[in-house]
Amino acid sequence: MTKVLTDARSIRIKGRSFLAVVLSPDLPLDEWLTRLDDLASRSAGFFLGRPVVVDVTDLDIDRGQLKELLSAFSDRNVSIMGIEGARPSLLGPGMPPALKGGRPVSEDSMAKEPAVEVPAGKLSPEVIREVRPPLQSIIVREPIRSGQSVIFPEGDVTVIGSVASGAEVIAGGSVHIYGTLRGRVMAGSVGNSSARIFCRKLDAELLAIDGIYQVAENMAANLKGQPVQLWLENDTIMAEKLA
């Protein structure tokens, strides 16, 4: 008798790639958590609904300390989807799974691909995710409204319009905003320290390049409302007015 191996009730399993925020704590953990609280307080909703990976590579802690760290994340409503770089002795029941194989997008794979436009009116209410082969850039031909995210780890993002407060743009390469930047922008999100941020009018909630961030309160007053470019130099975000 032949048995049917698939039917309408079969479970379908697929692979997916998603962009996650990677946090790399350092010692002492109490001081690091204080800095995390400062970031969260200055950029409300930054971690809300966002998958987060904790990288503990070379972090000299034991299982008990890791459990306390995970509990501290839970208390702050930060959802940890996995732990990267953990020794087997650190992990135990009830902990997020160990992750490995995470890597930045290869810049070589982006070098010879054409740009792609995101047509006007095609923004979803919440998030745009490009699920194409690696590309060099995308162009968003409309403003990014509050609550929306543009996420493109494969390369540059150009926005023909403004980025509202509460909106965000995350790019593996540089970000170009041909309007007012009021929300959050993270350039070089996959480990690209040469990425830059350009905007016609700076009024941002948060800026980050290759994981180094700066919040509104720390930005020079003479740059606000001005056309600005920002880049990373010796782990410090530098800025200058554009002519």
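Here is a quick look at the overall build of this predicted model and at its salt bridges.

Residues are numbered from 1 along each chain as its sequence is written, and side-chain values use heavy atoms, with hydrogens and water left out. Local features need pLDDT of at least 70 and side-chain atom pairs count only at pLDDT 80 or more, while totals for chains, interfaces and linings use all residues.

**Overall build**

The protein has 17 strands and 2 helices; these are DSSP runs, with helices being H or I of at least four residues and strands E of at least two, numbered from the N terminus. Of its 243 residues, 40% are buried (under 20% relative accessible area; exposed is over 50% and partly exposed in between, with a 1.4 Å probe and protein chains only).

**Salt bridges**

Count a side-chain nitrogen of Lys or Arg within 4 Å of a carboxyl oxygen of Asp or Glu, and you get 5 salt bridges. Here are some of them:

| Pair | N to O distance |
|---|---|
| R35 and D26 | 2.9 Å |
| D37 and R76 | 2.6 Å |
| R184 and E168 | 3.6 Å |

D37 is partly exposed at 33% relative accessible area, and R76 is partly exposed at 31%.

As for R35 and D26, R35 is partly exposed at 41% relative accessibility, and D26 is partly exposed at 33%.

Are R184 and E168 buried or exposed? Both are buried. Salt bridges with shared partners also tie E168, R184 and E205 into one network.
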